[in-house]
Amino acid sequence: MALPVERTTCSCQNKVKDMSQADFGRHEIELVEVQMLALMSCRSVFGPLQPLQGARITGSLHMTSQTAVLIETLTALGAEVRWCSCNIFSTQDHAAAAIARDSAAVFAWKGETLQGYWWCIERALDWGSGGGPDLIISDGGDAILLIHVGVKAEEAYENTGSLPDPASTESPELQIVLTIIRDGLETDPKRYHKMKERLVGVSEATATAVERLYRMQANGTLLFPVINVRDTVAKAKFQNLCGCRPSGPDGLLMATDVEIAGKVAVVCGYGDVGKDCATALRKSGACVIVTEIDPIRALQALMEGIPVLTLEDVVSEADIFAVTAGGSKGIITVDHMRKMKNNAIICNIGPFNNAIDMSGLETFPGVKRVTFNPQTDRWVFPDTESGVIVLAEGRLVNLGHPSSVISSCTFTNQVMAQLELWVERDTGKYEKKVYAMPKHLDEKVASLHLAKLGGKLTKLSKEHAD
């Protein structure tokens, strides 16, 4: 796939939907900056030192107004940035236009095709003949995946002359990835090796991606250091105080105008997101049922007054199905869908798009798709003339960034991890492993918030410290 790339007044390459929205995007970014406390503190504290001078950073993360503040914090600290979104539906086009015009290379628009999505990742990783980025900010791991699959394919091509075969997989996205790599091998058979060699490290924000990276570390296939910015103390405290991002009713209401009160809602998975979703649905008046594979989480749900059953127990009775279990394939199958009530609503609140069997649904003989709202489709089965309503094509529905305060904490974690990897790049401190966010960086994120919130820390005397 080849799309035209444009340049803006800041000489940044871009592919966005509508550059005329840049002024509107800039106004919204300025409003959001006021709420992004720690990120703005990063600019005042670190900006004069230019600690990221010379660093090339590729970002693969929702392109929103909050993300725009992250991008411009990185550039304020001296970095060059190229950016793409990590979801085909999550881009705020006005924010993308403002950043593309003023600050960084952006390749993102709302409603990308799968081919367009992976093309954008390619462009964000493409820094010209000098190799790829020095650092990657990741939310979901797709850019990381492309590099790892690319390196493996280049090794096979060098050793045996074999090319990747898109037909070897049933996954539509992996077919696109293999096509991209295959088509580039003859022109640059070392493209992904050059990226691997240049990369200093990655900061990753998604729990399931972090888990996959830990597995890669265990089997010796991880190609560069990773800092896990998902599981940090400061972020967890902020989420507990401020409330997590909308994990249920907000996405349903916006997409379908459905009345949730009185409905039976099944939450598949009772991890952190599942708990948030169940709480939000109960507050909206739904009767919530949980499905769970983990006995401890199941017991916790029961102790909180929520029934725990199997999907098979409730599939024909429930009105809403919210899948919150991350990284699990085929939690809701097309066979489940055929047994559901007419117009049952199905949505995915986990980070990956294979939890709902969209391939089985799309290829079911005679099924009809009727789109009645953006990213809201009713799929009608031919033998019963009843159907199910699927949101966002089975992809993540709770898109974007909720509280700017929480986003500021999350994104400041990303900035601090990038600074740590860049500053320590020649010391050997970070090997090809996954690292928890160092405690001193976690505390620094909290300290940056304190200054903006008017807090003052009591300092230990040497005697107390000892």
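Here are a few notes on helix packing and cysteines in this predicted model.

1. Start with helices α2 (residues 37-46) and α3 (residues 65-76). Their axes come within 9 Å and cross at roughly 10°. With angles under 35 degrees counted as roughly parallel, α2 and α3 are therefore roughly parallel to each other.

2. Who makes that contact? On the α2 side you'll find Leu 39, Met 40, Cys 42 and Arg 43, and α3 brings Val 69, Leu 70, Glu 72, Thr 73 and Ala 76. By type, the contact of α2 with α3 has six nonpolar residues, one polar and two charged.

3. Next, helix α7 (residues 172-185). It has 14 residues and spans 20 Å from first C-alpha to last, close to the 20 Å expected at 1.5 Å a residue.

4. Which residues of α7 are buried? Glu 173, Ile 176, Val 177, Leu 178, Ile 180, Ile 181 and Leu 185. The cover over these buried residues includes α5 (114-125), α6 (142-160) and α8 (191-198).

5. If you're setting up cysteines, how many disulfides does the whole structure have? The search comes back with zero. Take Cys 86: the closest cysteine sulfur, in Cys 84, is 8.1 Å from its own, which is too far for a bond, given that a disulfide needs the sulfur atoms within 2.5 Å. Cys 86 is also buried, at 14% relative accessible area.

6. Cys 277 is in no disulfide either, and the nearest cysteine sulfur, that of Cys 347, sits 6.6 Å away. Cys 277 is buried, with a relative accessible area of 0%.

Definitions and conventions: Residues numbered from 1 in each chain as written. Predicted model: local features only at pLDDT ≥ 70, side-chain atom pairs only at ≥ 80, totals over all residues. Heavy atoms only, no water. Axes fitted to C-alpha atoms, helices over the stretch in contact; angles between N-to-C directions. Helix = DSSP H or I, 4+ residues; strand = E, 2+ residues; numbered from the N terminus. Parallel < 35°, antiparallel > 145°, perpendicular 65-115°, else oblique. Contact = heavy atoms within 4.5 Å. Nonpolar A, V, L, I, M, F, W, Y, C, P; charged D, E, K, R; others polar. Buried < 20%, exposed > 50% of the residue type's maximum accessible area, 1.4 Å probe, protein only. Expected span 1.5 Å × (residues − 1).
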